[in-house]
Amino acid sequence: MDLPVEVELKYRLSSAAAGERWLNAGLLGSMSAAEPVRRSESEDRYVDTRDGALAGAGYAARLRHDGITTTISVKSLGLAEGSLQRRTEIEGPADGTLAPAAWMPSQARSFIMELCGDAPLIDLVTVRQVRRKRRFRTGSTVVELSLDEVEVLRKTRVRDQFTELEVELVEGPEAPLMELRTMLDADAELSPSTASKLDRALTAVKKKRKPQTPAAEPAASAAEPAASAGGPAASAGEPGRAPRRKKASAARAAAAAIAQATGAGQATTTEPAVAAAARATAEAVAELTLGRTPGVTADDVVAEAGRKVLRFHLARLIAREPGTRLGEEPEELHGMRVATRRMRAAWRVFGDGFRPEGTRKFRSRLRVVAQKLGAVRDIDVLILALEAYRADLPADEGQALEPLFDDWRSQREAARIVLTRELDSGGYRRFVDQYRAFVLTAGTGALVVTPTQPHHVRDTAGSRIWHAYEAVLAYGPVLRWADVPTLHQLRIGGKWLRYTLEFVAEALGPDARPLIERVVAMQDHLGLMNDAEVAAMKARALLVARTGTLSNAQNLAIARYLTSREREVARLKRGAAAPWRALASPVFRRGLGRAVATIAASPGEAARS
């Protein structure tokens, strides 16, 4: 197979200004600018088989989505000669939601199938980039100089950021490119890069990845499904208890969590009371546990599908409560807050299957609990981000941020007192008891429907999904000028779309997972922007409130942090359109259409027809 060869120069930059200088120059040696600077955004997913078939053969594969189309590129992993890289490269159309066998025919598709066979491609790492590029020409030689601002993501989290300068030979003889190489190599602010973007991305992911510890989530272990260790879990329609062996394991986990909590801050609690509380928590979790997922099917009645989801996440709320009370591990409180969010979303998605007068009290109490958990979690997020920022500072400047830490810790402690009072209240305990009985008893609170009314998941999921999707699409005309509050509302719209998909993901089939990942990417991007905006607002408020009482070093350190957050908001705001376009693309719409068609054409429906 005669493969085309990509020839390019690659450089790292000591400063952004160095790249701007070359990009905006009218002349590059003997080459003249042939066009103005253009801008593009893309998301690259690097993929391989689980056993590394492509890498083993000396190749890397990249799925690039630019908001409209998806392209597969296969490049060799050839060695660089300083700044000069020569690699074979073939490209073709692709669909990131389908297996290669279903792509349109191309040389790249054939090459991947030859190396990988029928093995599925899995994501290694995702790279987003904003590229500003410009073509230069001399005679019949054309090169494209690009300045790439790159973000490395792993599971939607940004792991690294860097900027590269690249010059690629588009057409014509190489001699002018080699002359340009001499000029660029001589620039003290540029250094030849021998690593590809994939190399740098994988290195960043390995550095940032934290080791897993067995004791990371003691309370969560109580919520593990009975089905995972022998014996079936209780079904939604026939509530029952998990097998005794699994319940005992849950009891031990809950007992350890509560004993730790009471030993840390409640010395007056007796050991029998601790054991009783542990048993009660463990039994509640075991009784509620369905499996690893809520298990919603296309044939479920809407109300009972909702009950499955509510029951699943109530188990997680109860399992996280001991760690939340203890207050030492932020992820415990975060998990409890996520459970309340999922349940509130479930009421929005499935709520019209229930009688409002019989379920309003559950929704109201969930809102109260979610607000009080959120007040603590939001401060946790600020503190964790500030700690990460301080880790890269000199010791004296990091110390100068203490007034900001003290202020946020004080706010967090006040919010925790309010939260603990809520969890200790009789109203909350009655809510949990009544709510548990509600989610365990099929038919309770459900509306009576006639056979001709749409009342199964397969009948109603499509309209719910498309309605949530349309609410996200509606932001397209305003994205260019949207302010932070508007983008925050887009994030909320994305959250409802995500939950609507997640609740019925199993019934949607294999197309659901990549769709949900795209929605999560937008949600996370906008969430980071909102976090930075809140941090900037609170830092600004502290500077105003403490005017005249802070030292010069403290004023300067907090002002620098404020500036960094404002810049982060501006950066994320500029990039907000890219993850939205991934959702508005024809690829996403086709995947969503296939998923909705899958849930509508369920086996149960076919059997009745």
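1. Lining of the largest cavity: in this predicted model, the residues around the largest cavity divide by class into five charged, three polar and three nonpolar. Eleven residues make up that lining, and those nearest the centre of the cavity are Ser42, Glu43, His65, Ala578 and Pro579.

2. Where does the lining of the largest cavity come from? Strand S4 (38-49) and helix H19 (577-584) each supply at least two of its residues. Helix H19 gives the most, with four residues.

3. The largest cavity has a volume of about 90 Å³, and a search of the whole structure finds six cavities of 30 Å³ or more.

4. On to the nonpolar cores. The largest one holds 82 residues, and Phe350, Tyr435 and Leu490 are the ones that touch the most other members. Helix H8 (residues 302-326) provides the largest share of this core, ten residues. There is also a second, separate core of 22 residues, with Phe136, Leu147, Leu165 and Val167 among them.

5. Leaving aside residues up to four places away in sequence, Tyr435 touches Leu310, Leu314, Met343, Trp347, Phe362 and Leu366.

6. Do have a look at Glu321 as well, which sits in helix H8. Is Glu321 buried or exposed? Glu321 counts as buried because its relative accessibility is 9%, and the cut-off for buried is under 20%. Again leaving aside residues up to four places away in sequence, Glu321 touches Met336, Leu423, Tyr428 and Arg429.

Technical notes. Residues are numbered from 1 along each chain as its sequence is written. This is a predicted model: local features need pLDDT of at least 70, side-chain atom pairs count only at pLDDT 80 or more; totals for chains, interfaces and linings use all residues. Side-chain values use heavy atoms; hydrogens and water are left out. A nonpolar core is a set of buried Ala, Val, Leu, Ile, Met, Phe, Trp, Tyr and Cys residues joined through side-chain atoms within 4.5 Å. Buried means under 20% relative accessible area, exposed over 50%, partly exposed in between (1.4 Å probe, protein chains only). Contact means heavy atoms within 4.5 Å. On a 1 Å grid over the protein atoms alone, a cavity is a set of points where a 1.4 Å probe fits but cannot get out, and a pocket is an open set with protein on both sides within 12 Å along at least five of seven lines; lining residues have an atom within 4 Å of a point. Grid points are joined across faces, edges and corners, and a volume is the space filled by probe spheres set on the points. Ala, Val, Leu, Ile, Met, Phe, Trp, Tyr, Cys and Pro count as nonpolar, Asp, Glu, Lys and Arg as charged, and the others, Gly among them, as polar.
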